[in-house]
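These notes are meant for a colleague opening the entry for the first time. Please keep the sequence and the model side by side while reading the points.

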Amino acid sequence: MHSRAVNESDIEAIFDLFGRAEHAAIGHQLTTRADVRDLLASPGLDMASRTMVVEWKDGRLSGFVALHPAPQAGQLRAHLVLASADGATDMARALLHLLDEWVLRDAPHADTPVTMFQLPNCPAHDLMAAEGWSVVHRYTRLSIDLDTTEFPEPAQPPLGVRLRFAADDQDRRAIHSVLEEALAGHWNHRRRTFAEFDRDQQQRDGYDAALWWLAEVEGVCAGAVIARDPSERAWIAWLGVLDAYRGRGIGTQLLRTVFRLLRDRGHHSVGVDVDTHNSSGALGVYRTAGMSERGTADQWRKIYSQHPS
C-alpha cells in the first residue's frame, strides 16, 4: 500500500471509496460527487498537509482521512472512510493516530472538540470508541424521486402566505435573518454574519441565488429555503420557519416550490440531511413534502484536552 496527500484529481477515486464503504454498510451509496467536491473545498482545509489517502497496488483507494475547521467556531471536523477489507482495523488505527497528530497541531485551544460523521456499525466503530470517540448525535438523509412524485399544480401556498424568490441582496439578507432566528435553538447552530454566511454559500457546488425562496405572512418574512443545483443531485441546504408561523404548512410549500423548479431544470431527485432528533419536527415536514429516508449517520466527537505545544 502507498499513502499520500489528496490532490484535485482524486474526486472520482474518493467518490468510489465512499460508494464501496456505503454499499458494504447499508447496501447503497449516499455520498455524491458534489459531496466530495464540497468536502475538499471546505474552508481552511489544507489538502497538502491535512489529507491522506491510502492506495492499493492497483491504484484504488482503501482509506481516506482529512481534518479542517468545523463550521462551529473553536471546533475541528474530521473525516475517515475505509473500504471493508482485511487490514481495515490496522489502517483505521494508523489513520486515527495521524488524525490525533494533526489535531494536536491545529487545535485552537485546550479541550478542542473534534467531530466526525460515520455510518452506524462502521468498520472503525469499536476502535473509535476505544480511542476516546463517542457518538453524540444522529442525522437522517432523505430524498425524493422527482420523476414519480406528483405535486399540486400550480403551487397554492396557505391562505395569507406569499412565496417568492430572493430578488436582490436585501431579500437574501432577510432569508439569512429568518434562518438565524429559526435555527437559534438547534444544538449545533452557530450564528454568522450575513457576509460570512453568503460567502460560504457561494463557495458551495450548485450555488444559485434563484433557489433562495422566502415565505411572507402579511409582509413579515416567516420562512425560507435555500436549495443547491449541482449536476449529480439537487440538495436542500437550509430550511427554516419562525416559531410563530409553524404548523401552517409553510415549510412544506417552500420545499414543493423548489422541488418543482429543480424538476423543471432536469433533476431526478433531491436530497437533504436532517437532525434525527430535531425538536421542531423537521423530519415530519420533509416527509409531508414527499421525501423518504435513505439512511442515517452518527456524529462522533472527541475532546482533545492536551494543548498543542
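1. Helices (H or I, at least four residues) and strands (E, at least two) are DSSP runs, numbered from the N terminus, and the expected span of a helix is 1.5 Å times one less than its number of residues. This is a predicted model, in which local features need pLDDT of at least 70 and side-chain atom pairs count only at pLDDT 80 or more, while totals for chains, interfaces and linings use all residues. Residues are numbered from 1 along each chain as its sequence is written, and side-chain values use heavy atoms, with hydrogens and water left out.

2. Helix 1 (residues 11-26) has 16 residues and should therefore span 22 Å, which agrees with the 22 Å between its end C-alpha atoms. Just after helix 1, Gly27 takes a positive phi of about 90°.

3. The whole structure holds 24 salt bridges, each a side-chain nitrogen of Lys or Arg within 4 Å of a carboxyl oxygen of Asp or Glu. One of them joins Asp16 and Arg60 (3.5 Å, N to O); because Asp16 lies in helix 1 and Arg60 in the loop between strand 2 (51-55) and strand 3, this pair ties together parts 44 residues apart in sequence.

4. Lys302 and Asp100 also form a salt bridge, with their closest N and O atoms 3.4 Å apart, and this pair links strand 12 (residues 292-304) to helix 4 (residues 88-106), 202 residues apart. Both Lys302 and Asp100 are buried.

How values were computed: Buried means under 20% relative accessible area, exposed over 50%, partly exposed in between (1.4 Å probe, protein chains only).
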